[in-house]
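Subject: Structure handover

Hello,

Please find the structure below, followed by notes on what turned up in it.

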Amino acid sequence: MLIARYFSSRLIKSHIEVAALFTAGLFIMRLMSELKRIRLGYTSADACYYVLSMLPASLAHYDAIIIGIATCLWFINLRKTQEILVVEVSGLSMLRLLVKMLPACVVIIGITTLNREWIAPKMVEYAKEERARKVSGGKLYFKDNQMWLRTNQGFLQAIIGQDAYKLRHIHYYIFNQDRLTQWVIAPSAKYINGSWRADEATKYTMIDSIQKKSKHEHVKLPLPLKPRVISWSFLKPEYLSARQIAESLAKGKKYGISERISWLLLSVRVVRPVNLMLIIATGLTILDKAVSSRFLGLSTRLVAVVAVSVIEFLIYEF
C-alpha cells in the first residue's frame with residue numbers, strides 16, 4: 001500500500017511537470033502569433049491576457065498526449081532511481097499496481113475533465129469577447145456566436161459561423177435622435193470585394209407611426225468588419241463543454257454552429273475521461289517488462305506509449 005501511495009504521488013508529479021512544460025511552450029507560441037494582431041486599442045498586455053485565458057483550452061486540446069508523455073516520464077524516473085525494482089522483486093505486476101494507484105488516476109482524469117468541461121469553456125468565451133471589444137474599440141460584442149456591432153447609424157445583429165465570409169440572420173436597426181426609424185432584415189450576407197452584401201433583404205420604415213415594408217435585392221450593408229475578426233471570435237465546437245453541446249443539439253440553433261455538432265461529437269466528449277484512463281492503463285501495461293515479447297527494449301516501449309496517445313488524439317480530432 002505504501003508503494004502504491006508513493007508511486008501515485010510520483011505519477012501526479014510527472015503530470016504536473018509535463019503540463020507545466022506544455023503550458024510554457026503553448027504560451028510562447030500562441031503569444032508570438034497573437035502579437036501580430038497588435039493595433040490601436042489592442043496592446044501587448046491585452047495579447048498576453050488573451051493567450052493566458054486561452055491556455056486552459058489549449059491544454060485540454062492536448063490532454064491525451066500530455067498523459068501519455070507523463071506516464072513515460074514517470075516510468076523513466078522510477079527506472080533511473082531503480083525504484084521500479086521494488087515492484088519487480090515484490091512480484092507486483094503493472095496491472096495490479098494500476099489498481100492500487102486508481103485513486104491517483106481518478107484525480108488526474110478528474111482535474112483534466114474539470115478543465116475541459118468547465119474552466120476552459122468559460123475562459124475561452126470571456127477571452128474572445130474581450131478581444132473583440134478591444135480590437136473594435138468597444139463597438140463589437142460577441143455572445144454565443146451572436147454578434148452585435150455599433151455603427152454610426154445604429155446597431156447590427158447577426159449570427160456568425162465556421163465560414164468567416166458569411167453572416168446569417170441579420171437585423172440592422174437604424175436610429176435618428178434616439179428614435180428607431182428603419183430596420184433591415186436579411187437571411188444572410190457574404191463578404192464580396194471588400195464589402196458585405198445580402199442577396200435579398202426586407203426593409204421596414206416608420207413614417208408618421210406607419211410601418212412601410214419593401215423588399216430589395218443585392219443590398220450592401222454598412223458593416224466595417226473584416227472576416228478575420230469573425231474568425232478570431234468564432235466559438236468552435238472544441239471550445240464548448242459537453243453540456244453546451246447537448247444544449248446546442250436540443251435547441252438546434254444555439255451558438256450558431258448546430259450544423260457542425262452531432263450526437264457523435266457529444267458521445268465522444270462523454271466517454272473522453274474513459275479514453276484517458278485507458279491511455280494510462282495501456283501505457284503502464286506496455287511498460288511492464290513481462291507483458292509481451294514483442295516490445296524488446298525500453299525505447300520501443302516508450303515510443304509505443306506515445307504512439308497510443310497520438311493515435312487516440314488523432315481519432316478524437318477526426
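Strand 5 (residues 179–192) and strand 6 (residues 195–207) run antiparallel and are paired over seven bridges. Within that pairing, Y191 has W196 of strand 6 as its bridge partner. The two strands make a hairpin with two residues between them. One turn residue, N193, has a positive phi of about 55 degrees. Please keep in mind throughout that this is a predicted model.

Strand 6 also pairs on with strand 7 (residues 210–221), again antiparallel, and here 11 bridges join the two. T202 has its bridge partner in strand 7, namely K215. Strand 6 and strand 7 likewise form a hairpin, with two residues between them. In that turn D208 has a positive phi of about 55 degrees.

As for the chain overall, the secondary structure comes to 11 helices and seven strands. The protein chain has 318 residues, of which 42% count as buried. If we take the contacts between residues at least 6 apart in sequence, 54% of them join residues at least 24 apart. The chain exposes about 17500 Å², and carbon and sulfur atoms supply 61% of that area.

Next, helix 11, which covers residues 298–317.

Another arginine to look at is R269, in helix 9 (residues 263–270). Is R269 buried or exposed? Its relative accessibility is 3%, and the cut-off for buried is under 20%, so R269 counts as buried. A polar atom of the R269 side chain lies 2.9 Å from the backbone oxygen of L240. Leaving aside residues up to four places away in sequence, R269 touches R116, E117, P237, E238, L240, S241, A242, I245 and Y316. L240 is therefore on the contact list of R269 as well as being the residue whose backbone oxygen lies 2.9 Å from a polar atom of its side chain, while the 3% accessibility makes R269 buried.

Regards

Conventions:
Residues numbered from 1 in each chain as written. Predicted model: local features only at pLDDT ≥ 70, side-chain atom pairs only at ≥ 80, totals over all residues. Heavy atoms only, no water. Helix = DSSP H or I, 4+ residues; strand = E, 2+ residues; numbered from the N terminus. Expected span 1.5 Å × (residues − 1). Buried < 20%, exposed > 50% of the residue type's maximum accessible area, 1.4 Å probe, protein only. Polar contact = N/O pair within 3.5 Å; in protein donor to acceptor, adjacent residues only side chain to side chain. Contact = heavy atoms within 4.5 Å. Areas by Shrake-Rupley, 256 points an atom, 1.4 Å probe, with all protein chains shown as cover. Pairing = 2+ DSSP bridges.
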